[in-house]
Amino acid sequence: MNSQSARPWCPLKLLDASELLQRLIQLRRTVVREGDKLYQAWKPNLKRRSFQDPARNLAHYLVLRHHDLRDLQTALMPWGLSSLGRLESRVLPNLDAVIATLGLICREPPDHLPSRPSLVDFFAGAQHLQQASDELFGPPRIDRRVRILVTLPTAAATDAALVEALLAGGADCVRINCAHDRPDQWAAMIAKVRQAAIARSQSCKILMDLGGPKPRLLRVIPPNQRDRLCAGDFLLLTAHLPLGEHATWFQAQCSIPEILDQIQPGDRVWIDDGKIGAVVELHHPEGVLLRIVRSKPQGRRLKVDKGLNFPDSELAIAALTPKDLQDLDFVARHADLVGYSFVQSAADMAWLQQELALRRASTAPLLPIIAKIETPKAVRNLPEMIVQAAGQHPLGIMIARGDLAIEMGYQRLAEMQEEILWICEAAQVPVIWATQVLENLAKTGIPSRAEMSDVVLAERAECVMLNKGPFMVEAVKILEDVLHRMQAHQSKKTPQLRALKTW
C-alpha cells in the first residue's frame, strides 16, 4: 500500500466558518420563506391548535429536504457542530442553534443572527411527539418507550387466560382486524381485554382495523388434473367466474371487479403476498389473462382469499367499502383507535373523518385514526394526508410493510420505511412498525436471526405490532425484553452512549 492510499480519507477541505455561516443563513431564509408559504396553504385544515406547530415544522422540513445537504453536513462535522442529521422534530431550532454557535466563532454581532433557542423550544417537538404517543397508546411503561401492539386471534373471544397472558407479557395495546371474525366475537374480545386491563390496573387501548378495499381471490378453478401454478402458465382473472370454459387455464374471480378494466397489458400482478408473480397478457371478454412469470419450481397452489397487488396500476377504487361503513358503526362505539387500510389521499382521509363525525355523539372524544401506508400513492401523498387527518383528529401512521414491499419492490422497502419515519417525526406523529415482526417466533416458537435484528429497528418507531400465532405470548415477552434492552442504546435516530459492559 502506498503512502497516498494510506492517508485518511477527507471528503473536502475544512470550510471557513464564515462561509459555513453564510450558507446556513441562506438555507434558513429559504426554509422559512417557502415553508411558511406551504404552512399558510395548509392552515385552513388545522382545526386542532395542538397540531399547528407540528404542521409548521413539517412544512419547514419538506422545504429543507428538497436540498441535498450532504456536503454541508460533512463540512459541519470538523467544527464539532450538529450535522443536521437528527433535526426532524426541530428544524428551525436546530438550524438556529448551529447558526448561533457559528456566529460566536465568527464574532458576528448577535443582533444579525437568529436567537439561540431555549432548551424548552429545542426539545418541544420531541415533547409533543411523546404526548401524542401517550394520547394514542396510553401511558408508557416505566422502563420502555416503545409500545407493543398485538393482533388478537379468534381464540381471544373465548380464552380470557390468553388475553391476560398477553397483557402480562408486555402488550400495551391490542388490534382487532375487522377483515376477520364477527361483531359478536369482536365484542367478546373487547370485554376480555377491558376485564384484564382493569384486573392489572393498566391501560390497554383497542385498535379496530377496517378491512379496506383489498383485492382478493374469491373462487378458484384449476384446469383438469392440475393444482399448482407454475411459471409459464396462464391465469384468467375474472369479474364473474365462468364454469369450466378454457379448461387449459387456471381461473380465479377477483373480489373487486372494477379493477380489471383499469389494469393494462404489461402491468405486473402479485398474488398471495408476492409468492406468485404475473404479467397482464391481454384483456379478455371475461376479464384479463395473466401470464405467470414467478413461482416455486414445483409450482404453488392457488388458494381462495389470497391477496392481489397491482404495483404498476393507478387504481381508482373507493377507500371505504360497504362492509367498512357497516363495521364503522361498531368501531365508532367500541374502539379506542380506528385503522384505515389502503388510504391513499387527503380526500380519502376526509371521507373517513366525515363518516366518523356522523357516528360521533356530541360529547364523545374524537376517535384517533391510524393511517396504514401500503401503496406508492400513499407514500407520495403522506404529508397532505397527515395535514388533513392530524389537523382535525389525533393521528398515528402504520408502516404496513407487507403490502408496501410488494407495491414498491422489496429492494426499496428499507429506504421507504426510513423516509416515512422521518416525515412522521417532522410532523410529530407517532408511528407503528408493522408486518412480520418476530413472525417465525410467533408461528414456530423459534426466531430467525434476521427478525431479531429487524426488531432493533423498531426503536425508531413509537409502537411495534405483532401478528398472531401459536407462540404469540412468547413473542410478546421476547419483544418486551429486546425493546427494554435497546432503549439504552437507541432512541429514534440517536444512538445512546450507555457505558459498554461487555469489554
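**Exercise 1.** Determine which residues Thr-30 contacts, leaving aside its neighbours within four places in sequence, and decide whether Thr-30 is buried or exposed.

*Solution.* Step 1: locate the residue. Thr-30 lies in helix H2 (residues 17–42); helices (H or I, at least four residues) and strands (E, at least two) are DSSP runs, numbered from the N terminus. The structure is a predicted model, in which local features need pLDDT of at least 70, side-chain atom pairs count only at pLDDT 80 or more, and totals for chains, interfaces and linings use all residues. Residues are numbered from 1 along each chain as its sequence is written, and side-chain values use heavy atoms, with hydrogens and water left out.

Step 2: list the contacts (heavy atoms within 4.5 Å). Apart from neighbours within four places in sequence, Thr-30 is in contact with Gly-35, Val-63 and His-67.

Step 3: classify the exposure. Buried means under 20% relative accessible area, exposed over 50%, and partly exposed in between (1.4 Å probe, protein chains only). Thr-30 has 13% relative accessibility and therefore counts as buried.

**Exercise 2.** Describe the surroundings of Gly-170.

*Solution.* Step 1: Gly-170 is found in the loop between helix H8 (160–169) and strand S2 (173–177).

Step 2: Because its relative accessibility is 0%, Gly-170 counts as buried.

Step 3: Not counting residues up to four places away in sequence, Gly-170 touches Arg-141, Arg-144, Ile-148, Val-476 and Glu-480. The C-alpha atoms of Gly-170 and Ile-478 are separated by 9.2 Å, although these residues are 308 residues apart along the chain.

**Exercise 3.** Characterise how H8 passes helix H9.

*Solution.* Step 1: The axes of H8 and H9 (residues 183–200) come within 9 Å and cross at roughly 50°. Axes are lines fitted to C-alpha atoms, for helices over the stretch in contact, and angles run from 0 to 180 degrees between N-to-C directions.

Step 2: This angle makes H8 oblique to H9. Angles under 35 degrees count as roughly parallel, over 145 as roughly antiparallel, 65 to 115 as roughly perpendicular and the rest as oblique.

Step 3: In H8, Ala-160, Val-163, Glu-164, Leu-167 and Ala-168 meet Lys-192, Val-193, Ala-196, Ala-197 and Arg-200 of H9.

**Exercise 4.** Identify the residues that touch the most other members of the largest nonpolar core.

*Solution.* Step 1: A nonpolar core is a set of buried Ala, Val, Leu, Ile, Met, Phe, Trp, Tyr and Cys residues joined through side-chain atoms within 4.5 Å.

Step 2: Among the 116 residues of the largest core, these are Leu-24, Met-208, Ile-386 and Ile-397. H2 supplies the largest share of this core, nine residues.

Methods. Left-handed = near helix turned anticlockwise from the far one by under 90°.
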